[in-house]
Amino acid sequence: MASEIVLRELKDIEAKTSQDYADSLRNTAAYLLQKQWVWKGKRGQKEHFKLCEDNQTYFHKLFDGLDMTWHYDRNFGYAGVLPRGSGKQLDITSTLFLLILRKMYDAEASMGRTELGRVTPPTVELLNQYEHVKGEIPLITDTNNAMEILRKKGIIELGNRDPDTKLYEVTVLPNITRVVSPTYVGTLNRFLDSYTSESSLSETAHEETDDIESEELSDDNAE
């Protein structure tokens with residue numbers, strides 16, 4: 001029934017505009033399914049964002065029928081979708097970094113240290129937070145791998161490599177507040193308060209990250 005309604009709406013849009021416009025909507029929907037997020041100010045995504053902005057009701061109904069939640073933010077200039085299901089789970093290192101980055105985002109934002117909703121926390125502080133939770137500093141390769149996973153998911157952007165830490169500069173995007181709700185920020189606080197062993201962490205993290213994960217994105221997500 002939902003698919004029939006969306007198809008009918010697409011035909012109505014085509015009747016009011018053109019077949020080319022309707023095809024553009026289909027292309028944008030396919031792009032969102034692949035990339036998950038589109039940004040107003042990012043090269044190659046402006047037209048997709050404009051279509052999302054002008055057709056929010058259509059996209060909301062479309063992705064709702066696909067069991068996904070539709071998100072649009074005019075202030076920060078992005079639109080995207082998140083699956084309601086569990087999806088594929090993150091590994092423990094990536095999960096911890098995701099939660100830490102969300103907490104650091106809130107801290108930086110509360111002090112007004114944002115630019116277009118983006119936050120660039122100190123790399124050293126990111127490692128310190130991880131060590132505080134896990135009890136050890138992560139390997140550089142593990143950290144960079146985790147950051148690349150989160151980059152592919154459209155949550156962060158990576159800049160130049162820091163010559164001291166050998167890690168890439170991390171910019172946290174404002175849509176992290178959509179991906180990691182306050183509930184999961186509470187999860188990190190529980191890690192800080194009651195972390196006891198690797199096994200208990202693994203068990204808790206897999207229980208708590210069911211709704212964090214989404215479909216794996218391609219390597220060119222940042223293009």
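A residue counts as buried when its relative accessible area is under 20%. In this predicted model, glutamine 36 has a relative accessibility of 5% and therefore counts as buried. Glutamine 36 sits in the loop that joins helix 2 to strand 1. Its backbone has a positive phi of about 80 degrees, although glutamine 36 is not a glycine.

Tryptophan 37 belongs to strand 1, which covers residues 37–39. With a relative accessible area of 2%, tryptophan 37 is buried. The C-alpha atom of tryptophan 37 is separated by 9.1 Å from that of histidine 71, and the two residues are 34 residues apart along the chain.

## Overall make-up and confidence

The protein has 223 residues, and buried residues make up 43% of them. Its secondary structure consists of 10 helices and 5 strands.

The average pLDDT of the protein is 80, and 77% of the residues score at least 70. Confidence is highest in helix 3 (residues 46–54), with a mean of 96, and lowest in helix 10 (residues 198–208), with a mean of 46. The pLDDT is below 50 over residues 195–223, yet this stretch has 77 contacts in the model beyond near neighbours in sequence. Where pLDDT is low, predicted coordinates should not be read in detail.

## Helix 2 against helix 4

Helix 2 (residues 19–35) and helix 4 (residues 56–65) have axes that come within 12 Å and cross at roughly 50 degrees. The two helices are therefore oblique to each other. The crossing of helix 2 past helix 4 is right-handed.

On the side of helix 2, the residues that meet helix 4 are Leu25, Thr28, Ala29, Leu32 and Leu33; on the side of helix 4 they are Tyr58, Phe59, Leu62 and Phe63. By class, the residues of this contact are 8 nonpolar and 1 polar, with no charged residue.

Aspartate 67 is in the loop between helix 4 and strand 2 (68–73). Aspartate 67 is not a glycine, but has a positive phi of about 60 degrees. Is aspartate 67 buried or partly exposed? Its relative accessibility is 43%, so aspartate 67 counts as partly exposed.

## Helix 5 against helix 6

The axes of helix 5 (residues 92–110) and helix 6 (residues 123–134) come within 10 Å, with a crossing angle of roughly 120 degrees. Helix 5 and helix 6 are therefore also placed as oblique to each other. Helix 5 passes helix 6 in a crossing that is right-handed.

Helix 5 contributes Thr93, Leu96, Phe97, Ile100, Leu101 and Met104 to the contact, and helix 6 contributes Glu125, Leu126, Gln129, Tyr130, Val133 and Lys134. These residues divide into 8 nonpolar, 2 polar and 2 charged.

Threonine 123 is part of helix 6. Its relative accessible area is 12%, so threonine 123 is buried. Residues up to four places away in sequence aside, threonine 123 touches Thr165, Leu167, Tyr168 and Glu169.

Asparagine 144 lies in helix 7 (residues 140–152). A relative accessible area of 15% makes asparagine 144 buried. Which residues does asparagine 144 contact, leaving aside neighbours within four places in sequence? They are Arg161, Lys166, Leu167 and Tyr168.

Lysine 153 is found in the loop between helix 7 and strand 4 (156–161). Its relative accessibility is 4%, so lysine 153 counts as buried.

The C-alpha atoms of lysine 153 and glutamine 36 are separated by 7.5 Å, while the two residues are 117 residues apart along the chain. Both ends of this pair lie in loops: glutamine 36 between helix 2 and strand 1, and lysine 153 between helix 7 and strand 4. Glutamine 36 counts as buried, and so does lysine 153.

Notes. Residues are numbered from 1 along each chain as its sequence is written. This is a predicted model: local features need pLDDT of at least 70, side-chain atom pairs count only at pLDDT 80 or more; totals for chains, interfaces and linings use all residues. Side-chain values use heavy atoms; hydrogens and water are left out. Axes are lines fitted to C-alpha atoms, for helices over the stretch in contact, and angles run from 0 to 180 degrees between N-to-C directions. Helices (H or I, at least four residues) and strands (E, at least two) are DSSP runs, numbered from the N terminus. Angles under 35 degrees count as roughly parallel, over 145 as roughly antiparallel, 65 to 115 as roughly perpendicular and the rest as oblique. A crossing is left-handed if the near helix is turned anticlockwise from the far one by less than a right angle, and right-handed if clockwise. Contact means heavy atoms within 4.5 Å. Ala, Val, Leu, Ile, Met, Phe, Trp, Tyr, Cys and Pro count as nonpolar, Asp, Glu, Lys and Arg as charged, and the others, Gly among them, as polar. Buried means under 20% relative accessible area, exposed over 50%, partly exposed in between (1.4 Å probe, protein chains only). pLDDT is the predictor's confidence in each residue, from 0 to 100.
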